[in-house]
Amino acid sequence: MILLVFVVAVMGLVYFVQTTFLDDFYKANKIKSLQSVGASVSSLIGDDSFEDEIEYLMMSNEVCVRVVSNNENYSYSGACTLRGLDNLTINAIASEVDAMDNDEKLFDNFHYQRDFRDKPEDVYIFAKLLNINNEKAMVLVSSGITPLSATISTIKSQYVLILAIIIVMTLILALILSRYILRPIKQINAESKNLSRGEYDSKAVKVVSKEFEELNETLENANEDILKADKAKKELLGNVSHDLRTPLTMIVGYGEMIRDLPEEDNEENINVIIDEARRLSTLVDDLIDISKIDAIKLELNKEDISLNELLNSVYKQYEKYCKTQNIDFKLQLSDDVTINVDVKRIKQILYNFVNNSLNYNTKENQEVILGAEKIDDFYRVYVYDNGEGIEEKDINNIWDRYYKVDKEHKRHHIGSGIGLSLAKELLTAHGMNYGVESKYGEYSKFYFDVKPA
Ligand code: ADP
């Protein structure tokens, strides 16, 4: 609609300018060319070839030129292609110009009737008096003024036709725009209002162009992400509260037992309380880390450390526990190289790998290996276990946040489904390659590659 009004307004303006001022433009142009031809002719008189040049000027400007003088050499009365002036007229003009102070004059309301025309015509005559070597000469340049009313009425009817065509074309364009652009935008807009509730229905939007299809897909993906994040948030809350409740129950239970039964006040029971408190602390740390990653606050504190020293210290953390649990936990060291890493973070990743290896293993002869091996110019640090392994369908997802293969799994350790996603973020921040090799039911080997400093 706006488009239509705009087009009609522009056309109206052009129409008004053309029809109202065309006549004036035309006359002003004529006068200009008469004056310029007059000036040119004046400067040419007396030249050898001035007659040829005048003829050329007459032709190219569609005017008629006469030069009247008593000196033959300065006169010119070539055949005019347009309008000839008879001697009577010339004399009348000459006497009028002669009588003036000014040496040039434009006669712009001159009516002149030629022999073969039945009506006098509107003629413009520019007259210029010259004094060449003390001899008088008068240059006359004339041109007929064609009435433009016929032209203007042609233009008018043309405009009406053009306007009609433009209106029809604009309407067609508006229809196309509305069908192919506005309607999908409206539909997408209406649908995207449901996005925050995760109710975007991409099928409700009829898309007709690739761009809309892509926009629709992007919104559909956003919709899926919202649903996924929502589900994950609920699951995480469920897991975290469950994981918080178990150690808290243990701490309260053991604490009360020690308080009420003095004979239970022994190291073993106190260690249970300490262990459970540590688990709580790990979970809280994980949650803090994940929130830091979200806010991109994570900063690495890199330092040089011996690879073997680092692996040894992780190994020591679990050595005793594994012995008591009858788990075959081995350390396989490679060259003692120095690496430059955020030690706290790398240990955190290895703890997570080892914890998982202990968690996801129900076999009798449980085996876990923490080690390093040289490959090309880097060292692959790994945690291997002969546990339950990972199914192929899950292997690409386990690094995703909140992803847990088996929700019913009974855990011995804290697990909220964020450990590996945290490891992924930390390893990516280090710029390290990482991954997992696994065969379902047989083994898993989680690793990352580190280059010597
Ligand atoms: P969680 O807290 O659930 O252990 P993680 O991010 O550490 O979270 O691990 C994600 C999932 O990957 C686990 O739920 C588990 O299904 C799988 N997984 C991780 N490590 C192992 C492993 N060593 N053996 C088998 N499955 C594993």
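Asp 260 is partly exposed, at 48% relative accessible area. Its salt-bridge partner is Arg 259, with the closest N and O atoms 2.9 Å apart. Arg 259 is exposed, at 61%. The model is predicted. Its chain has 453 residues, and 38% of them are buried. Ten helices and eleven strands are present.

**Chain overview**
- Among contacts with a separation of 6 or more, 65% join residues 24 or more positions apart.
- Twelve salt bridges occur in the structure.

- Glu 367 pairs with Lys 330 in a salt bridge, and the closest N and O atoms are 3.5 Å apart.
- Glu 367 belongs to strand S8 (residues 367-375) and Lys 330 to strand S6 (residues 328-332), so the pair ties together parts 37 residues apart in sequence.
- Lys 330 has 30% relative accessibility, so this residue counts as partly exposed.
- Asp 328 joins Lys 330 and Glu 367 in a network of salt bridges.

- Lys 445 and Glu 373 meet through their side chains in a salt bridge, at 2.9 Å from N to O.
- Lys 445 is in strand S11 (residues 443-450) and Glu 373 is in strand S8. The pair links distant parts of the chain, 72 residues apart.
- Lys 445 counts as buried because its relative accessibility is 14%, and the cut-off for buried is under 20%.
- Glu 373 is partly exposed, with a relative accessible area of 27%.

**Negative surface patch**
- Six residues form a negative surface patch: Asp 47, Asp 48, Glu 51, Asp 52, Glu 53 and Glu 55.
- One of them, Glu 53, sits in helix H2 (residues 50-61).
- Glu 53 is partly exposed, at 36% relative accessible area.

**Ser 306 and its contacts**
- Ser 306 is located in strand S5 (residues 303-306).
- Its relative accessibility is 18%, so Ser 306 counts as buried.
- Leaving aside residues up to four places away in sequence, Ser 306 touches Asp 336, Val 337 and Thr 338.

Technical notes: Residues numbered from 1 in each chain as written. Predicted model: local features only at pLDDT ≥ 70, side-chain atom pairs only at ≥ 80, totals over all residues. Heavy atoms only, no water. Patch = residues over 30% accessible without salt bridge, like charges linked within 9 Å, V, L, I, M, F, W, Y side chains within 5 Å. Areas by Shrake-Rupley, 256 points an atom, 1.4 Å probe, with all protein chains shown as cover. Salt bridge = Lys/Arg side-chain N within 4 Å of Asp/Glu carboxyl O. Lys, Arg positive; Asp, Glu negative; His and termini not counted. Charge placed at Lys NZ, Arg CZ, Asp CG, Glu CD. Helix = DSSP H or I, 4+ residues; strand = E, 2+ residues; numbered from the N terminus. Buried < 20%, exposed > 50% of the residue type's maximum accessible area, 1.4 Å probe, protein only. Contact = heavy atoms within 4.5 Å.
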